[in-house]
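Visitor: I would like to learn how to read the packing in this model. Could you take the features one by one?

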Amino acid sequence: MDRYFLKSVALIVALAGFSTRVFSQAPAVKPPTAIVAGIPVNYDEAKVGTYTLPDVLTLNNGKKVNDAQTWLNTRRPQIVKLFETYQFGKMPGRPASMHFNVFDKGTPVFDGRVTRKQVTVYFTTDTGDHKMDILVYLPAKVTKPVPLLLMISFSPNSSMSPDDAGVKHSYMWTKDGKKIPAPKTGLGKLDVEKLTSSGYGIATIYYGDIEPDFKTGYKYGIRGYYLKPGMTTSANDEWGAISAWAWGLSRAMDYFETDKQVDAKRIALQGVSRLGKTVLWAGAHDTRFKMVIESCSGEGGAAISRRNYGENIKHITDTSRYYYQFAPNWHNYADDFNASPVDAHMLVALMAPRYLLMQTGDTDYWSDPKGEFLAAVAAAPVYQLFGENGPGASPWVAAGDTSIAFNPLGYYMHKGGHGTVPSDWDIYLAYLKKYL
């Protein structure tokens, strides 16, 4: 279950940082065992069960991977195929008819310190449906291509930048399937000048432009467009909503490769919660992205599924909840987590040797912050093939400890619950400066 949609979410506003919303709903002490959707939730480390992770460095034929080229050429494609088949689903490539409309080619904003650009990406020849808007801010007077942080957001672009009246006013989807005008503010706010003053661009996409986030969202989103004749839903090994949102990020990359003001070889992704899963899968699948910063992606993201702690596969694939976000095949492992051909450490390892920062919260028990740390530990041997560092044999760090945050495979845990807090963005910016 994604905590952005829990009724107990406390929305704290008017805080500094790139994303000015804090989602903190976890109590100060570990919660008791609970029931969610009729399914027990375990929060006791003594009851996580026993499990053996698939060996990320063993090929399908049983041979070991001992060098970086074998990883890149053989093992990595094997793992990508497993995730496509069993967890996220296969997705199409770039549409032949996709095209871009840069309707705001560069407007000075914020007293001329920043340049705003706006782009509509049309996924099909028809410009009425199946499109997304990208809002881009760049340092003013750019003389060479700049690196950029691309965020996928829960809120429409105009809600993410309420202080800029020139941003195209758009629409958003409600959970009950209604399309309404975007509110003035939403779940997040871009701190444009902080990032652009450091020499980076920042861009955002509203995930609902790609596909609405509810069970029947495929009818209005890009998955519906690709349905085969006579089908009303994707096949068992085809894309869920998370793959659809990740696919949209790759289409944004297609645009950035045409923008001479952006260095497309230095683009980082950032997303929170289910959108943390999205950016992790997007970066794992599309190696054009140099960096991923995922926040609290939890089950189905960076947390070990075989650990029965917090949300588990049964919770997240329940048909009354988030079944639609994944390939239907993943539902087959709801009663036997150990039978899954994939686990989170394999997803994390797909980023190697590129840069990944995993950010969690020490009281975000539902998302299992320790499970994310253990995934990083298990993925580290792949980074080591390239001479890069992960957490190694480090013990699980305490909240606020940055000792392993700035590794190429980094892990950082703030004090608090689900999502981002302002201090996280100081870590993000330092990570960008080190590697991007």
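**Reading the fold**

Guide: Trp425 and Tyr428 sit 3 residues apart in helix H11, about one turn of the helix. Helices (H or I, at least four residues) and strands (E, at least two) are DSSP runs, numbered from the N terminus. The model is predicted: local features need pLDDT of at least 70, side-chain atom pairs count only at pLDDT 80 or more, and totals for chains, interfaces and linings use all residues. Residues are numbered from 1 along each chain as its sequence is written, and side-chain values use heavy atoms, with hydrogens and water left out.

Visitor: How many aromatic pairs are there?

Guide: Rings of Phe, Tyr and Trp (its six-membered ring) pair if their centres lie within 6.5 Å; planes under 30 degrees apart count as stacked, over 60 as edge-to-face and the rest as tilted. The count by this rule is 27 aromatic pairs. In Trp425 and Tyr428 the ring centres are 4.6 Å apart and the planes stand at 70°, so this pair is edge-to-face.

Visitor: What is the strand order in the open sheet?

Guide: Two strands pair if DSSP finds at least two bridges between them. The open sheet has 9 strands in the order S5-S6-S7-S11-S8-S12-S13-S14-S15, and its pairing is mixed. Strand S5 (99-109) and strand S15 (409-414) are the edge strands, each pairing on one side only. On average, neighbouring strands of this sheet are turned by 20° against each other, direction ignored. Within the sheet, strand S8 (residues 146-153) and strand S12 (residues 262-272) run parallel and are joined by 5 bridges. Leu148 stands opposite Ile267 in S12.

Visitor: Which strands does helix H11 lie across?

Guide: Contact means heavy atoms within 4.5 Å. Axes are lines fitted to C-alpha atoms, for helices over the stretch in contact, and angles run from 0 to 180 degrees between N-to-C directions. Helix H11 (residues 422-435) lies across S8, S12, S13, S14 and S15, and runs at about 170° to S14. Helix H10 (residues 369-385) lies across strand S13 (291-295), strand S14 (355-361) and S15, at about 165° to S15.

Visitor: How are two packed helices described?

Guide: By the angle between their axes and the distance between the axes. Angles under 35 degrees count as roughly parallel, over 145 as roughly antiparallel, 65 to 115 as roughly perpendicular and the rest as oblique. Helix H6 (residues 241-256) and helix H7 (residues 274-285) pack at about 55°, with axes 8 Å apart. H6 and H7 are therefore oblique to each other. The contact uses Ile242, Ser243, Trp245, Ala246 and Leu249 of H6 with Arg274, Leu275, Lys277, Thr278, Val279, Trp281 and Ala282 of H7. In this contact of H6 with H7, 8 residues are nonpolar, 2 polar and 2 charged. Here Ala, Val, Leu, Ile, Met, Phe, Trp, Tyr, Cys and Pro count as nonpolar, Asp, Glu, Lys and Arg as charged, and the others, Gly among them, as polar.

Visitor: At what angle do helix H1 and H7 cross?

Guide: The axes of helix H1 (residues 68-86) and H7 cross at roughly 140° and come within 11 Å. That makes H1 oblique to H7. Arg76, Val80, Phe83 and Glu84 of H1 meet Trp281, Gly283, Ala284 and His285 of H7.

Visitor: Which peptide bond is cis?

Guide: Most residues other than glycine have a negative phi, and most peptide bonds are trans. The bond from Ala352 to Pro353 is cis, with omega near 0°. Pro353 lies in the loop between helix H9 (344-349) and S14. Phe110 has a positive phi of about 55°, although not a glycine. Phe110 is in the loop between S5 and strand S6 (114-122).
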